[in-house]
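This report describes a predicted model.

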Amino acid sequence: MHVLKRLGSSLTVIGSLVLMICVALLSVSWANDGRWGWFALGMVIIAVNLVLVATELRPKPKPLPWTMSEVHEVTDGIDNEVNAIRKLRRADRGLSLEKAAKLVRQARSEGTEG
């Protein structure tokens with residue numbers, strides 16, 4: 001799965017770069033012809049793609065090492081498992097959905113045993 005995510009990200013960046021080059025060449029032509037509306041649209045497309053590339057290349061956060069007491073602290077008082085998972089993932093942006101669900105279920109099963 002990790003390879004597919006990296007491939008998808010790489011293809012997104014490559015496609016964005018190709019699109020920016022093509023639009024930049026067209027924008028030069030539009031500016032020379034005095035088509036300022038098209039030129040402005042080209043600049044907006046380039047700006048949006050620059051943001052997309054920066055977002056794709058931004059380093060992804062690493063998940064924190066969670067203890068069961070920390071999971072209990074964050075999810076205490078939340079009776080709905082889905083909301084507990086969401087709150088845990090908001091607290092740790094690097095935590096995958098699967099890992100968060102596993103932690104919440106493990107913490108809940110510990111809580112019901114005692």
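## Domains

The domain assignment divides the protein into domain 1 (1-57) and domain 2 (68-109). Between the C-alpha centres of domain 1 and domain 2 the distance is 38 Å.

## Annotated transmembrane regions

In UniProt, an unreviewed entry carries the annotation "transmembrane region" for residues 7-30 and 36-54. In the predicted model, residues 7-30 are 100% helix and 0% strand, and the C-alpha atoms at the ends of this span are 34 Å apart.

Residues 36-54 are likewise 100% helix and 0% strand. Here the end C-alpha atoms lie 27 Å apart.

## The largest pocket

The largest pocket holds about 700 Å³ of space. Its lining is made up of 19 residues, of which His 2, Lys 5, Arg 6, Lys 60 and Pro 61 are the closest to the pocket centre. Two elements, helix H1 (2-33) and helix H2 (36-57), each give two or more residues to this lining. The largest share, six residues, is that of H1.

By residue class, the lining of the largest pocket comprises seven nonpolar, five polar and seven charged residues. Both domains take part in the lining: domain 1 (1-57) and domain 2 (68-109) each supply at least three residues.

## Summary

The spans 7-30 and 36-54, annotated as "transmembrane region" in the unreviewed UniProt entry, are 100% helix in the model. The largest pocket is lined by residues from domain 1 and from domain 2, whose C-alpha centres lie 38 Å apart.

Key:
Residues are numbered from 1 along each chain as its sequence is written. This is a predicted model: local features need pLDDT of at least 70, side-chain atom pairs count only at pLDDT 80 or more; totals for chains, interfaces and linings use all residues. Side-chain values use heavy atoms; hydrogens and water are left out. UniProt positions are given in the numbering used here, feature names are shortened, and annotations may be inferred rather than shown by experiment. Helices (H or I, at least four residues) and strands (E, at least two) are DSSP runs, numbered from the N terminus. On a 1 Å grid over the protein atoms alone, a cavity is a set of points where a 1.4 Å probe fits but cannot get out, and a pocket is an open set with protein on both sides within 12 Å along at least five of seven lines; lining residues have an atom within 4 Å of a point. Grid points are joined across faces, edges and corners, and a volume is the space filled by probe spheres set on the points. Ala, Val, Leu, Ile, Met, Phe, Trp, Tyr, Cys and Pro count as nonpolar, Asp, Glu, Lys and Arg as charged, and the others, Gly among them, as polar. Domain bounds come from an automatic or database domain assignment.
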